[in-house]
Amino acid sequence: MKITDVKTWVVGNPPPGIGGKYFIFVKLTTDGGVVGYGEAYNATFSAHVTAKLVEDMAERYLIGHDPHDIETFFRRAYSSGFTQRPDVTGMGCFSALEMACWDIIGKEANKPVYKLLGGQVHETLRSYTYLYPHTGSVHSEDAPDGRNVYNDPDMAAACALEYVEQGFNAVKLDPAGPYTAFDGHQPRLLDIDVATRMVKAIREAVGNRADILFGTHGQFTASGALRMARAIEPYDPLWFEEPVPPDMPEVMAQVARGTSIPIATGERLTTKFEFARVIENRAATILQPDLGRSGGILETKKIAAMAEAYHIQIAPHCYCGPIVGAANIQLAVTLPNFLILESLKQWDGFHATLLKKKIEWQDGNVIPSKEPGLGVELNEAVCDAHPYTGKELHLQMMQTPLMP
């Protein structure tokens, strides 16, 4: 069996834009006509440039090769251009192609990928959702009157309660204030106040029916993160996510030692080598690899195994499209140290239309597919009908320092 063709799509994500502005999908085809799908979670360059990078990597290291040879493909891509170091852009491209290879491998074996990775540990997968506004943009700065579920405690509490009544028993929010290219910074007193009132209102609304996941984007210095942590500790969040920038796990470890809230991190990291630094520094007790960036399915299985030896849990990240979501599911099913899975609401809306069959979600849990491969099929007609024509990045930090 050989890979003979590669095709990419950059798909625009219509309002409200849950999961980002666009999704980057790839399709691999074998000489036997078997098709595999993948997705890149990559924010470094334009989506269209990234799609070309995915194609370039496939042409160099996959076309004409057997998709089963994942380890060989990893070493060639990891070493591309005399690098041999974690490269978030390169590994984003690799991750998309790697999960497409696994999709083909599973289809050839007529087995779900999880059956080829050690088998099924979990029958269902606990999931969480962000708080999303009922109308308008998911970006808080776009709220028409300045009030949104991201900065208004009453609206956040009502939204959280609604999700709990739908079946979720964990909800996530990022109320900690702006994040900039110049972080980490000290939190402003108003940001500490708003964040504390948001978490308090949600806890009072949901009681002990749901965990609260406190997200940040690496905004703070270690001392600033500890100030924020002390303010929200009384409301018992399940985690404090990426409290400081991801480049120095030694600094994140200072936060982990200074708070009772579990520290979670990983969406911006790639390969076992970067995650190893988090583990060896005891910087987090929850890892959040995104399979569209972390190195794909097999590499993240290795990351999870390293974490298991230190009693660290895995909560796959997914602020992107449903192919990464499907890959996350295939891996999570196999992990003894799985904690919780990011679900974009109930995998409904545009995410559902992108698939020929929706990811199954019931009473707060994802139900793993028993279909071969990744268990989903991309709806290519929908991809063709929704091209992304913009130049914005998937995520963008403020480009000026935060003023007090």
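Reply: Phe82 sits in the loop between helix 2 (70-78) and helix 3 (88-109). Helices (H or I, at least four residues) and strands (E, at least two) are DSSP runs, numbered from the N terminus. The model is predicted, so local features need pLDDT of at least 70 and side-chain atom pairs count only at pLDDT 80 or more, while totals for chains, interfaces and linings use all residues. Residues are numbered from 1 along each chain as its sequence is written, and side-chain values use heavy atoms, with hydrogens and water left out.

The backbone at Phe82 has a phi near 60 degrees, a positive value in a residue other than glycine. With a relative accessibility of 82%, Phe82 counts as exposed; the cut-offs are under 20% relative accessible area for buried, over 50% for exposed, and partly exposed in between (1.4 Å probe, protein chains only). Gln84 is also placed in the loop between helix 2 and helix 3. Its phi is near 50 degrees, again positive in a residue other than glycine. Gln84 has a relative accessible area of 48% and is partly exposed.

Gly184 belongs to the loop between strand 5 (170-173) and helix 5 (189-206).

Now the rings. There are 12 aromatic pairs in the structure. Rings of Phe, Tyr and Trp (its six-membered ring) pair if their centres lie within 6.5 Å; planes under 30 degrees apart count as stacked, over 60 as edge-to-face and the rest as tilted. The Tyr130 and Tyr319 rings have centres 6.2 Å apart and planes at 70 degrees, so this pair is edge-to-face. Because Tyr130 is in strand 4 (residues 125-130) and Tyr319 is in the loop between strand 10 (313-314) and helix 10 (322-332), the pair ties together parts that are 189 residues apart in sequence. Tyr130 is buried, at 11% relative accessible area, and Tyr319 counts as buried at 12% relative accessibility. Elsewhere, ring pairs link Phe73, Phe74, Tyr78, Phe94 and Phe273 into a cluster.
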